[in-house]
Amino acid sequence: MESMQRVPKEILNMMDTLLQAGHRVYLVGGCVRDFLLGKTPNDWDLCTSALPEEMVSLFPHTVLTGMKHGTVTVVGAAETAEITTFRKDGDYTDHRRPDTVLFSDTLEEDLARRDFTVNAMAMDRHGKLEDPYGGRQDLQGKLLRCVGNPDRRFQEDALRMFRCLRFAAQLGFTIHPETFAALHRNAPLAAFVAPERIHVELEKTLCAEHPEYGAQMVTGGLLTAFLAENHSVDLTDLTKLPREPRLRWALFCHRLRIAGNLRDTEQFLRQLRLDRQTISSVSAGVALAETGFPETTVGIKQLLSRHGAAGVRCAAACFPESDGLQRVEAVIASDECYELNQLALKGGDLAAMGYRGTEIGAQQRRLLDWVIVHPEENTPQALRQRLEDAKHDGLE
Ligand code: ATP
Ligand code: MG
């Protein structure tokens, strides 16, 4: 029996509401896994014998998330829960989704459709664990293992192969040898998974505590549709970067390029449906990184002035063993000038001095290049003087 003290009161009240109406209800899936690991779950999932319309009548505030699949979101003051009627899945023909979803009377059937043993546990209102597939033991052994026959489970839904490596990366678990072998055998079915979903799982993997499992998506052939080759890559030092997706994508792409796996970074990120801003910063950063990263503050400012902070941060992320990223952040946080709008003389000041049209921008650019090397000269007086001197030099 687990102590239910760590489960929010509102979630327990929802369980009581269903119990008092004569239904069965359990905490289920990822939240039970995280709870047993002593972590705070991301979200609270419940499963119940109640049908969606019964849930709607029992709770004052519900959102019909997926009535067809039996899911109702119950909204409380501080917590929300996704509550799903016990289900069993029909046949799978597209390697992604069951053709039909059938409501079931039993918790056992509901747990049987779940992907991994550690995700196939349920807990009742009093903390009694229902664990027909040995999830608790696998949790202790830090093992990811499919519920049932792994070949069949990956063939039903190929997304589970990506989830498998993602959970391994997040939890630091080993993949059971039979599950691992089945993952390799069924890798070609990755072609049935939508790129958006691959993007989500890969990004979670890259941002996890053990991002090196991302390398197994590459060598295991799960990304074949997007890469020229599947050579191995070392991703262990992704953990040296902050958990910022852009930075982690940048180092991932850089490593893929060094390994000869990736021809066109921009196209790769576009195919995986990353957002426009991320595509442009990451591909700019990876391109910059091909020629190394500057050692000096002046070099960093020169890069920032030409390519902008987002791209330069991504370039620095490609060298996690050096302190390039910290140096970039320090320059950005300092008041040293590396952008036209930080220059002590504005366009209006140059116009007042008699400069016209494109000459204004050209002079500002010259001043910026000067100030980047001589930061102490970024004052109106010093820059005016510099313009005067240049005029005289021009006359001589
Ligand atoms: P997270 O911490 O990412 O929320 P989670 O385990 O809660 O992890 P969800 O995607 O929220 O993952 O799914 C909730 C539960 O639903 C899982 O724990 C698992 O039991 C089941 N599940 C989700 N997706 C699948 C799938 N593709 N195949 C089988 N079962 C699944
Ligand atoms: Mg979840």
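Which helices and strands each supply at least two residues of the lining of the largest pocket?

Reply: This is a predicted model, in which local features need pLDDT of at least 70, side-chain atom pairs count only at pLDDT 80 or more, and totals for chains, interfaces and linings use all residues. Residues are numbered from 1 along each chain as its sequence is written, chains are lettered from A and ligands numbered from 1 in the order in which they are written, and side-chain values use heavy atoms, without hydrogens and water.

The elements in question are helix 2, helix 7, helix 9 (195–206), strand 2 (44–48), strand 3 (62–66), strand 5 (80–85) and strand 6 (87–89). Helix 7 gives the most, seven residues. In total 43 residues line the pocket, with Asp-45, Arg-113, Arg-114, Asp-115 and Arg-163 nearest its centre. By class, 22 of the lining residues are charged, 12 polar and nine nonpolar.

Ligand 1 sits in this pocket. The shell around ligand 1 has 16 residues, and Arg-33, Asn-119, Asp-157, Arg-160 and Arg-166 are the closest; a shell residue has a heavy atom within 4 Å of the ligand. Helix 7 (159–171) and helix 2 (30–36) each supply at least two shell residues, and the largest share, four, comes from helix 7.

Polar contacts are pairs of N or O atoms within 3.5 Å. A polar side-chain atom of Arg-33 lies 2.8 Å from a ligand 1 oxygen, while a polar backbone atom of Gly-30 is 3.0 Å from an oxygen of ligand 1.

Methods. Polar contact = N/O pair within 3.5 Å; in protein donor to acceptor, adjacent residues only side chain to side chain. 1 Å grid on protein atoms, 1.4 Å probe; cavity = no way out; pocket = protein on both sides within 12 Å on 5 of 7 lines; lining within 4 Å. Sits in = over half its atoms within 2 Å of the grid points. Nonpolar A, V, L, I, M, F, W, Y, C, P; charged D, E, K, R; others polar.
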